[in-house]
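Work through the exercises below with the sequence and the coordinates open. Each task is followed by a solution in steps.

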Amino acid sequence: MNDKVIVVGAGLIGTSTAYYLAKSGAHVTLIDAKDIASGTSGACDRAIMIQSKKPGPTLDLAIKSAEIYQDLEKELEVHLEYRKSGGMIIIETAEEMKAMEGMVERQQKAGIDVKLISGEEARVREPALSKNIIGSTWWENDAEVNPLKVSFAFANAARRLGAKVRLGAPVTRLLTENNRVTGVEVRGEMLYADAVVVAMGVWTPMLLKPLGVDVPIIPRLGQILVSERLPPFLHTGILSAAYIASKLNGDPDDETADPYGVGLAIGQTHSGSLLIGGSRQFVGYNNTETNPEVTRKIGETAVRTFPQLANVRIIRAFTGLRPYTPDGMPILGPVDGMDGIYIAAGHEGDGVALAPISGELMAQAVLGEEPEIDIQAFSMSRFKR
Amino acid sequence: MNDMIICRCEGVFLSEILGAIEDGADSVPGVKKRVRVGMGYCQGRVCQPIVRDILGGRVGTGKNPVLQRAQPPVRPVRLGEIVR
């Protein structure tokens, strides 16, 4: 395999794609304007939540990706803080209970045996949960991982396999010849390749626009609070039903929705800090300051759910831009009517969970192998209809 | 032993910071994401200027290294105070 492939973007998806390409023998150059995990992948939480995925093709991807994660530390020879922690979606109201009953039924049909458990059972698993929680889902196969470690491990493993990694190297445009992308320009320097994979997350549309390709990715801001280090406090990854509602009902034009899209997503890192999220807001590319009102709202839902958290100190708040797509599914595959160009982006909040499978599928697509999962459902052309 | 602790909150040694720079980090966030410097209780208030100076001496781009983004809260604060 002598294909020369350029991967633009060194976040979770780009580093994963570079690794699987290098593993298959391609000559890979991984390029990033700044650094590895310097965008969304370095400003997110750590959940590999499978039960929260949209039933359908995305859930199928997530199941396959979770399998890869189980052996990834061994494969990359790096400790990734991977842990099969199990996951819960907690329920506060009868209305949420009804919605979650429907979701659980769909997930069970899709082949994952998520269960609904009572409030008492939920508190056995997480004793710090409030008495007002009336129920929860539970799935033992949800997991967690450190996305920074995953990004660096993929990039370093790709390097060991011969990939070149160029950081601080902004790609200013795609080079084209007739209907073919032939490479990229980096600060006046032309780099040529047989194929270019754009894995620039929220910034993907900017590189494709000059070719007349409109990629419908919109930046969606998420805010997360970080606590001081604590002794083990949480055992599982936890989302609230309100978080799921906000995740699955994203519509930039819906003015009746909570403008901050606040729902609880909480977990404890390997170091002992809690990551307490989150919010979902469409505020463009440049308004990425943390918002005290959002901090307060996230805090309220956290303290309501875990009353002891009122006594925990917050040391930082941060935001990240998530690459939203209109149907909540990532874009994976070639661009119709143009050769030598592929997109792997638009994972919104599913990038951590879907990184390994996305990279593996992209490597197969670029190298002309039959992808192990049909990626037609994730193609750019679905948006034309 | 020639090594020394630069970030006390996270227990990060000078050798680890130099390793991160060797690995390609050219900014404070770049070092932070590789070895956790400045991620702890003081949020880099103590170590950031030192890491910046180490970077300035090593990377040698002539530019000042990019610093960590200052984020609230200004000092650790109980969540109960935030929601009150």
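**Exercise 1.** Find the bridge partner of A:Ile314 in E3(B).

Solution. In E3(B), A:Ile314 is bridged to B:Val77. Strand E17 of chain A (residues 313-324) and E3(B) pair in the antiparallel sense over 2 bridges. Two strands pair if DSSP finds at least two bridges between them. Helices (H or I, at least four residues) and strands (E, at least two) are DSSP runs, numbered from the N terminus.

Conventions: residues are numbered from 1 along each chain as its sequence is written, and chains are lettered from A and ligands numbered from 1 in the order in which they are written. This is a predicted model, in which local features need pLDDT of at least 70 and side-chain atom pairs count only at pLDDT 80 or more, while totals for chains, interfaces and linings use all residues.

**Exercise 2.** Describe the side of chain B that touches chain A.

Solution. Start with the count: 27 residues of chain A are in contact with 20 residues of chain B, contact being C-beta atoms, placed from the backbone, within 7 Å. Next, locate the elements: helix H2 (28-35), strand E3 (77-78) and helix H4 (79-83) of chain B each supply at least two residues of this side. Finally, classify: 10 residues are nonpolar, 6 polar and 4 charged. Here Ala, Val, Leu, Ile, Met, Phe, Trp, Tyr, Cys and Pro count as nonpolar, Asp, Glu, Lys and Arg as charged, and the others, Gly among them, as polar.

**Exercise 3.** Give the strand order of the open sheet that includes E3(B), and state which strands stand at its edges.

Solution. The 9 strands run E5(A)-E6(A)-E4(A)-E14(A)-E15(A)-E16(A)-E13(A)-E17(A)-E3(B), with mixed pairing. One pair of opposite residues is A:Ala265 and A:Gly277.

**Exercise 4.** What are the extent and burial of chain A?

Solution. Along the principal axes, the C-alpha atoms of chain A fill a box of roughly 65 × 45 × 40 Å. Of its 385 residues, 54% are buried, meaning that 20 or more other C-beta atoms, placed from the backbone, lie within 10 Å of the residue's own. The secondary structure of chain A comes to 10 helices and 19 strands.

Key. Contact = placed C-beta atoms within 7 Å. Buried ≥ 20, exposed ≤ 12 C-beta atoms within 10 Å, placed from the backbone.
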